[in-house]
Amino acid sequence: MTNYFPIHINLDYKTVVIVGGGHVATQKVASLLPTKAHIVIVSPTLHDTLQPLADSGQITWQQKEFEASDLDDAILIIAATNVTAVNEAVQEAAQHWQLVNRTDAQSESDFITPATVRRGPFVLTVSTSGASPGLARKVKAELAEQFDEAYDDYVCFLQQARLMIAAKYDKGPQRRAALQALLEPSILEWTRNGETQKREAYLQQLLIGEQQ
């Protein structure tokens with residue numbers, strides 16, 4: 001079994017080519033949409049759920065059979081057709097600097113896409129390195145329940161609070177103590193309950209040096 005190196009990659013304004021326009025392609029597009037990647041679909045047909053995205057310009061659809069030149073600008077390539085010969089052709093056409101995922105042959109892939117729970121900037125990923133996709137889905141569901149939608153606002157608050165504390169205090173014990181105090185469980189509860197004024201008041205106390 002391949003031992004994959006886990007990594008979060010910045011795809012802003014980079015091209016990702018997906019060869020295939022069916023159900024698997026829709027799943028890959030859904031995981032890519034939160035990024036600012038330029039998503040290109042190469043396929044004679046397009047799944048109904050992808051058509052509105054193409055119409056609105058969120059993805060680019062090249063309505064055609066695959067050709068090697070379709071990969072020219074891609075940093076990531078996903079071969080997601082149901083025809084093995086086409087997926088093999090995609091893999092063979094890729095350059096050495098391009099990373100390829102074959103959805104029909106994970107063992108032949110340069111990278112795999114893990115099961116993901118996304119709460120704004122807070123991202124949790126689960127992978128069994130292809131050993132048991134079912135287990136990955138099960139753990140993803142458990143994480144999605146444990147880390148609910150409140151984590152989006154919560155982590156955004158922590159991000160802003162961290163920047164304010166870094167601007168207030170020089171590196172040292174005082175800054176470390178204030179950052180540690182941000183992990184007070186009450187902040188998450190206040191966020192869940194919509195009591196944003198309480199967390200703001202708590203932050204202001206940290207910024208004037210009155211840690212609770």
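Author: Some questions and answers on helix packing follow. This is a predicted model, where local features need pLDDT of at least 70, side-chain atom pairs count only at pLDDT 80 or more, and totals for chains, interfaces and linings use all residues. Residues are numbered from 1 along each chain as its sequence is written, and side-chain values use heavy atoms, with hydrogens and water left out.

Reader: How are α5 and α6 oriented to each other?

Author: Helices are DSSP runs (H or I, at least four residues), numbered from the N terminus. The axes of α5 (residues 150-168) and α6 (residues 173-181) cross at roughly 165 degrees and come within 10 Å. Axes are lines fitted to C-alpha atoms over the stretch in contact, and angles run from 0 to 180 degrees between N-to-C directions. Angles over 145 degrees count as roughly antiparallel, so α5 and α6 are roughly antiparallel.

Reader: Which residues of α6 make the contact with α5?

Author: Contact means heavy atoms within 4.5 Å. From α5 come R162, I165 and A166. Their partners on α6 are R175, A178 and L179.

Reader: What is the orientation of α5 to α7?

Author: α5 and α7 (residues 185-192) pack at about 125 degrees, with axes 9 Å apart. Angles under 35 degrees count as roughly parallel, over 145 as roughly antiparallel, 65 to 115 as roughly perpendicular and the rest as oblique. Therefore α5 is oblique to α7.

Reader: Which residues of α7 make the contact with α5?

Author: α5 contributes A150, Y151, D153, Y154 and F157. On α7, the residues are I187, L188, T191 and R192.

Methods:
Helices (H or I, at least four residues) and strands (E, at least two) are DSSP runs, numbered from the N terminus.
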